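Please examine the structure below before reading on.

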Amino acid sequence: MRHDKFAPGTRRGVLAGLALAAATALLPLAGPAAAQGFPERPVTIVVPFPPGGSTDLLARQIAEKISAPLGQPVVVENRAGAGGAVGANYVARSDPDGYTLLMGVTGSNAISSVLRDDLPYEPLKDFAPVSLVVSAPLVLVVNAESEFTSVADVIAFAQENPQTFTHGSPGIGTSMHLTGELFGLETGTELVHVPYAGSAAAMQDLLGGQLDAMFADLLVSSEYISGGRLRALAVTSAARHPMLPDVPTVAEAGVEGFAATSWQGVFAPAGTPEPVLDRLYEVVTAALTDDDLKAFFAERGFMVEGRTPAASQEFIAAEIDKWGKVVDAAGLKTN
Amino acid sequence: MEGFLANVGLGLATAFSPVSLLFCFIGVTVGMGVGVLPGIGPLAAISLALPLTYYVDPTSALIMLAGIFYGAQYGGSTASILLNLPGTATSAVTCLDGYPMAQKGQAALALFVTAINSFAGCSFAILLVMGFAPAIAEAALAFGSAEYFSVMVLGLVAASTLSVGSPLKGLAMVVFGLALGLCGTDVNTGYFRYTFGILELSDGLSLIAVAMGLFGVAEILANIGTGAAPALAPRDLSFRAMLPTRAEWKQIWAPTARGAVIGSFIGALPGTGPGIASFMAYAFEKRIAKDPSRFGKGALEGISAPEAANNASVQAAFIPTLSLGIPGDAVMAVLMGAMMLHGIIPGPSFIAEQPAMFWGLVMSFWVGNLVLLVLNIPLIGLWVRLLAIPYRLLYPAILVFICIGVYSASNNVFDIWVVLVFGLIGYGMRQFHYPAAPVLLGFILGPLLEEHFRRALLLSRGNLAVFAERPISAVFLALTLGLLALSFSPMIRRRFRRARAAAGED
């Protein structure tokens, strides 16, 4: 990613914005939120994960790009916890005025709600999607020295040895976890799921040969695949991925109809006025056609989605339905 | 060898470019500052600095962020020694002997020694990074959950005599810490445990909040109203006065060396970190000391070993991050994020593909550490003069810093309540002479112990023998048993002798 292409003086802009935010916080808010004139003060994108992860990077890129057309600084704020639920809940409870947005993901805005009954928010009811921004397949990877060279190998082994083949994930309820469960259900195999606290620890054990496989983030695993440390057996999307053109899809490798992706999108609290949503949708999707961002996405394996608010809501409803079935079938429900 | 020298040359060229020097200087200065301020730690500072790195080239960005990280370890001990308030969560151990030294009027000596220890610990770890980073990273991959568990058991057993005073109270506090560690999401099942419906507790209690509460706020509460005399400000602040004597040099070099080794080992293992390193180094020194009773009363070894260890561990933590792309802790994850922001994805081929960046960063460690050493020693006089500020002005300021620091680590107001509650708990514990350090130890090690124990069993399909069958794990368990035998042997021998004497009387 080139770093010299950003508008000069933006850093000053951010600082000025912070000062402005501090100043406006002291004043009573002027009038009801309306689209004309939106935004009148800085916009915050809440990332429900610690800084440094792929969602954080994505949010920072988008914040950078939509700041100029909005004419206001767009600040990224990290509110991590509970696999994204803390940040999501914070946004769900914020004023629906378009000034507090969420960079939501598969876990926070679909899986959590079917996995847990005790979440204080409901993805479909409490959020108004601005746009589903990107999606990416997961990659089924094994250690390069592993005996498994194809999806068929894995299925054959797992069918003969139930409860033996281990696959890791960054935690219960992540898309990596549920994709593994979906794989087990669709292939009629019993895999052992080994949850970790974060993808780094899982990757460490996969590299160290402690784990058999992982349905991993493309971004995280691509370096290890090209560096010859991991072998990619399949991608989980319906079509092959340009970053790994020689790697078959899970469906091509024999699991008919298998398709699962992880995705990220910008969400506003439910009740945000439609003109504001439309304005945000406009700037976010315009940013997706920016050359810098296109290069950023291509380098990291993100597929640009840029769905409309309505299409995004529809997609998320379908995702909740799909993962809900996996959670029920695999008996994963907590609390 | 030639390749190595060429790389070092390349690194020096990068590290000594004016831009790199500038960012290195900014990084370590900011780092030292946040280290000195109680509560505000490197994680908060690096997270805040991350967006700014957008606008500079990736090598400079990395040099600056790394400088904040290791600079904070230098500063962290200052408040521990002078005020009994740890500057960062990982320098709590330094309070144990550093503050008693200050009370004896040896604050300047203690600060000088920790600066030297820190430099020595860093130097050792940097040499390891330069010479053996890929090999060490590969070796660390042999550590699976079974091995991690055994190392943690060794650490817990070694550190069980951490505190002075009643061993029973110490043990009770370890258990209290372990219990606190249970709060949060169970990694294996995803269930929320002991969160009482509070979503903010789902990732457990914040280490920074617990540490700052038990040590910082409790210290302040305990001193309010008692009119406690501040630590003695040494009269003589000349350079000569803070220099250790020949006997003192002799006393510190071995603990420093051992601390550096322990710290480097722990640091190279992803998922552990400087807190564990300093606890283990302190415990180890106390175990092998001829007179363990000196610890906790201002023993030089008691600050040398942990300070060397925590600094070594943060430098060694770069090994798995840079040579495998496995960030060992939250701070490293942010550093990796900064690299990814610039399109550089650290992985197994990073060192080969980005030699200028890797070697530039590593050589900047030398620059940064030298700057820190040079900055630190003249500042000792200034820090010590802080003691002259009346507590009624100092304490409110510190409380504000603690609250800001705890909040900014995760942008979570809830953590401020946690710090206050733990301040009250810590105050109560003090009144009844329950030590705080073992709580922190249990709290740090407990979740790791549980997670690795259960994962090891999950991977072995429930076979407990896995801990003894895997050679590295078996070695650590054997060491643990040896340590236990060593601590019980005087008791057993005494019993045996008594029994024999009794038999002789018959």
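The model is a predicted one. Its largest nonpolar core has 276 residues, and the members with the most contacts inside this core are A:V141 and B:M280. Helix α6 of chain B, residues 107-141, supplies the largest share of the core, namely 22 residues. Chain A takes part through both of its domains: domain 1 (10-23 + 34-135 + 262-330) and domain 2 (137-235) each give at least three residues to this core. Which residues surround B:M280? Leaving aside residues up to four places away in sequence, B:M280 touches B:G155, B:A158, B:A159, B:I262 and B:I266.

**Chain A and its domains**

Chain A contains 12 helices and 10 strands. Of its 335 residues, 56% count as buried. Among the contacts in chain A with a separation of 6 or more, 77% are between residues 24 or more positions apart.

The chain is divided into domain 1, made of the segments 10-23, 34-135 and 262-330, and domain 2, which covers 137-235. The C-alpha centres of these two domains of chain A lie 28 Å apart. The contact between them takes 14 residues from domain 1 and 13 residues from domain 2. On the side of domain 1 that touches domain 2, the elements giving two or more residues are α4 (106-115) and α12 (309-330) of chain A. Of these, α4(A) gives the most, with five residues. Sorted by class, this side of domain 1 has six nonpolar, seven polar and one charged residues.

**A covered strand in chain A**

Strand β3 of chain A, residues 100-105, is mostly covered, with six of its six residues buried. In a regular strand the side chains alternate between the two faces of the sheet. In β3(A), A:T100, A:L102 and A:G104 point one way, while A:L101, A:M103 and A:V105 point the other way, and all are buried.

| Strand paired with β3(A) | Sense | Bridges |
|---|---|---|
| β1(A), residues 43-47 | parallel | three |
| β9(A), residues 261-269 | antiparallel | four |

Individual residues show these pairings. A:T100 in β3(A) is the bridge partner of A:T44. On the other pairing, A:G104 stands opposite A:G265 in β9(A).

**A helix in chain B**

Helix α19 of chain B, residues 414-431, has 18 residues. From its first C-alpha to its last it reaches 26 Å, close to the 26 Å expected at 1.5 Å a residue. The buried residues of α19(B) are B:D415, B:V418, B:V419, B:F422, B:G423, B:I425, B:G426 and B:M429. The cover over these buried residues includes α9 (207-223) and α18 (391-410) of chain B.

Most residues other than glycine have a negative phi, and most peptide bonds are trans.

Just after α19(B), B:H433 takes a positive phi of about 60°, although B:H433 is not a glycine. This residue lies in the loop between α19 and α20 (437-459) of chain B. Is B:H433 buried or exposed? Because 11 other C-beta atoms lie within 10 Å, B:H433 is exposed.

B:Y194 has a positive phi of about 50° and is likewise not a glycine. B:Y194 is found in the loop between β2 (192-193) and α9 of chain B. Because B:Y194 has 13 C-beta neighbours inside 10 Å, this residue counts as partly exposed.

The bond from A:F38 to A:P39 is cis, with omega near -5°. A:P39 is placed in the loop between α1 (10-26) and β1 of chain A.

How values were computed:
Residues are numbered from 1 along each chain as its sequence is written. Chains are lettered from A and ligands numbered from 1 in the order in which they are written. This is a predicted model: local features need pLDDT of at least 70, side-chain atom pairs count only at pLDDT 80 or more; totals for chains, interfaces and linings use all residues. Domain bounds come from an automatic or database domain assignment. Two residues are in contact if their C-beta atoms, placed from the backbone, lie within 7 Å. Ala, Val, Leu, Ile, Met, Phe, Trp, Tyr, Cys and Pro count as nonpolar, Asp, Glu, Lys and Arg as charged, and the others, Gly among them, as polar. A nonpolar core is a set of buried Ala, Val, Leu, Ile, Met, Phe, Trp, Tyr and Cys residues joined through C-beta atoms within 7 Å. A residue is buried if 20 or more other C-beta atoms lie within 10 Å of its own, exposed if 12 or fewer, and partly exposed in between; C-beta atoms are placed from the backbone. The expected span of a helix is 1.5 Å times one less than its number of residues. Two strands pair if DSSP finds at least two bridges between them.
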